[in-house]
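Student: I have a model open on my screen and would like to walk through some of its features with you. Could you put up the sequence and structure so that we look at the same thing?

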There are 2 protein chains.
Amino acid sequence: MEVARVLHMNKGSGDTSYAKNSTVQSKILSIAKPMMDEAILKIVEKSPESMGIADLGCSAGPNCLGVIMEIVDVIHARCCTLSQSSPELRLFLNDLFNNDFNNIFASLPTFYNQIRKEKGSHFGPCYISAVPGSFYGRLFPTNSLHFIHSSSSLHWLSQVPKGLNSNNESGVEVINKGKLYLSKSSSECVVEAYLDQFEKDFGVFLSSRAEELVTNGRMVLSFMGRTSPDPTADESCYQWELLATALMAMVSEGLIEEEKVDSFNAPYYAPCPEEIKKVVEKEGSFVLENVEAFPVDWDGGAVDYDHHQYTTVAELSRARGQRVAKTIRAVVESMLGDHFGLNFGCESKIEVGIRVRKTVVSVELLCSKCRQKVMNLIAKIEGITSIVLDPSKNTVTVIGEADPVCIIRKVRKFRKTATIVSIGPPKEEKKDEKNKEVIISYPSTTCKKCDVWYVVAEDAYTHYCSIM
Amino acid sequence: MEVARVLHMNKGSGDTSYAKNSTVQSKILSIAKPMMDEAILKIVEKSPESMGIADLGCSAGPNCLGVIMEIVDVIHARCCTLSQSSPELRLFLNDLFNNDFNNIFASLPTFYNQIRKEKGSHFGPCYISAVPGSFYGRLFPTNSLHFIHSSSSLHWLSQVPKGLNSNNESGVEVINKGKLYLSKSSSECVVEAYLDQFEKDFGVFLSSRAEELVTNGRMVLSFMGRTSPDPTADESCYQWELLATALMAMVSEGLIEEEKVDSFNAPYYAPCPEEIKKVVEKEGSFVLENVEAFPVDWDGGAVDYDHHQYTTVAELSRARGQRVAKTIRAVVESMLGDHFGLNFGCESKIEVGIRVRKTVVSVELLCSKCRQKVMNLIAKIEGITSIVLDPSKNTVTVIGEADPVCIIRKVRKFRKTATIVSIGPPKEEKKDEKNKEVIISYPSTTCKKCDVWYVVAEDAYTHYCSIM
């Protein structure tokens, strides 16, 4: 899997979009805010005429411009307090090539109006631009940035660690079977491969940023991590275990192939503080001012706030499970779609009662009478919600709970040559939503948590890297 | 109409997308290329360490990165000839907030690979970013650009000229009725309003760019224009006349309201050389090196190349008409959609033979038996290609040539309370394409042409504007 080409949060603003399912990431932003503010203030105090600020892995949805507005607010407030004119702000939004930048840009007119209204026309000016590309490499000209921010992004690796498929006499041997990430059963070489990839990637990240930052530039980075020295600890693996369970349920239903699950490994790593410190020291361009860990609920606390609407523990637990499932789905669906084939709807045993299917039948639809006949025959079958004829392709698409065998038998009464082209889940539509979710049992009593780490770093040297 | 929020070329890469219908704009780019190359060479000769280059109104599709690649090619070739190392290239893509930047970014990995492969890893580096916003105002930091390019964009005004609706005793009086732009019948005040808006906008454009360009920076601008001093000359109004004819045909069919056509005016102006010179001289920051006019066929020559496939003049003429219609549609559809209401499919009398309609019926679909009954009843009607039941909304959506009255009568046999929710054109899908196009009669023998103007300008002064 080419991570830089494939990975993106779910686009648009629909029910399964990242924009609608990013409360966890919003929570992480709010926890990190005091550190971000402090770093910005230290830069503003030096009264730069122009400030280059980058948000790496900005994604889309409300969090993206929300962070930028917070940064602008802090600068504006500080300049007012110091009675100094505000610097020209060059604000750069970065994410991978497939990120939904259109979604962000559509909100920009409102954003610019808000700045003008709240801060006056003399503030700034602010120039917002988008810089698509992988942050594991150079993104910006040398010495062009003063402050770099990244939230909920640096746990993504540049690639799936190499060495997870080892060659032996009988061909390629897949290791880490049935798992998507590290787990208690992962072998030593899998653990090493993941750590190696993290160290390499984070090192490249730091040396790239060191070139781009001005002397005394600052970074605040927050990403998924763990407190335990054990990389297979529950706190950093739990969400992948949940997803693996859902995928294996789909294997047992015959919806996806077990080999596909075996060969999928997440390009992800949740490091512990010691691992972070080691890379920062080895790379040598940055001084680590502060590393802190905060626990974050996987449902972002969103369900708790409304828990009065649930009358039983089971109901609350289910609601939280759905929230967690939606959060995970909004993040991983692009990768699963790429690995398991297009139009992969995360359909699982748990939520699907009666299965709604889409059956496409090939049958000659020569004239109006033919079409009417076929329409009539299929309409007699029980459990059908949609029949669509396409005379240009000579196909009939039937959606419903009806048995595909029953459908083809009916059509063959009219034309013996009719064949089934495909049977599959109905195309994703809002109304089918409930049949297509990864629903994971998520007990509210023994709530699992994931940790998030902050790294506040300062580029205390020139842009030349040196090993300390 | 808020132009900056509304205007964008048709998104995606489907049949009606700008990406698939921009041969005219590609032709214009190729005509302007020698001038662009010359301007770039003059900058490269001064051996800048870093070059800021902006393409304003970049749009999406192949033309967008095509221009950037041409610019990069010229710089690379020149640096090789001079045996000098290439400058760091900061390449900025600008267009309005609703432009399809996602489409451009998806092609960037291939673009970067191509540069690395053809020019080696020591070339550049190239940093490509997107800067959404209106070029009628500041977009970039002061003194940050060396070269500005804009093609097929500056004929768009920042707004519909004010004063086209004049207030009198009986309320707002709409002038320029039944026309979308200037025409032979336009009154003097309409002509003046358009010229005023152009002068104001182009002046703001020049003064904004003057701040952003370094001293001795250069611009090459190409946009729709005219040779005649008369702003209502055919050469600059013809495409709007064609579109007005198509819209009035839709009025006579009852598809849109005549008042809506009367109140639509294009935010567009095609200036003559004298008008351009006047604004440049008045604004005073730039020296005009060259102004040239070139005629460009509205079908971009695309149909001519394949004309051997057409056996009659009528067929060729029709093919060219379709090409012209698609070109215009890809450009104006966002504005028409905004003005005439969402989901406006440019359906016209000329192409529609038997009309395919979408009829939505409201009927209670309580149980499986109810659904089967309704399905059965509708399926008996001739001329239906699709029946979709939505039990959650108690609606049936029927697509086909069948009479909606016939459909509701059938359904009422089952439930008397059934009602028609809506009748309209089927949702845009590829297979319905031919029913939805603005098809304009375009005689190949007396082919109308539009002119395009080039302005090659040099910022010969400091970034302070001065009136010459």
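Student: How many bridges join strand E9 of chain B to E11(B), and do they run parallel or antiparallel?

Tutor: Six bridges join E9(B), residues 357–362, to E11(B), and the two run antiparallel; strands here are DSSP runs of type E with at least two residues, helices are H or I runs of at least four, and both are numbered from the N terminus. Two strands count as paired if DSSP finds at least two bridges between them. Before we go on, note that this is a predicted model, in which local features need pLDDT of at least 70 and side-chain atom pairs count only at pLDDT 80 or more, while totals for chains, interfaces and linings use all residues. Residues are numbered from 1 along each chain as its sequence is written, chains are lettered from A and ligands numbered from 1 in the order in which they are written, and side-chain values use heavy atoms, leaving out hydrogens and water.

Student: Which residue in E11(B) is the bridge partner of B:Lys358?

Tutor: That partner is B:Ile399. E11(B) is also joined to strand E10 of chain B, residues 384–390, by six bridges, again in an antiparallel arrangement, with B:Asp390 standing opposite B:Thr395.

Student: What lies between E10(B) and E11(B)?

Tutor: The two strands form a hairpin with four residues between them, and B:Asn394 in the turn has a positive phi of about 55 degrees.

Student: How many residues of E11(B) are buried?

Tutor: Five of the six residues in E11(B), which spans 395–400, are buried, where buried means under 20% relative accessible area, exposed means over 50%, and partly exposed lies in between, with a 1.4 Å probe and protein chains only.

Student: Switching to helix H9 of chain B, which residues are buried there?

Tutor: In H9(B), residues 273–283, the buried ones are B:Pro273, B:Glu275, B:Ile276, B:Val279, B:Val280 and B:Glu283.

Student: Why are they on the same side of H9(B)?

Tutor: They cover an arc of only 165 degrees around the axis, which puts them on the same side of H9(B); the arc is that of the directions from the helix axis to the C-beta atoms. On the other side, B:Glu281 and B:Lys282 are exposed.

Student: What follows H9(B)?

Tutor: B:Gly284 follows H9(B), and its phi is positive, near 90 degrees.
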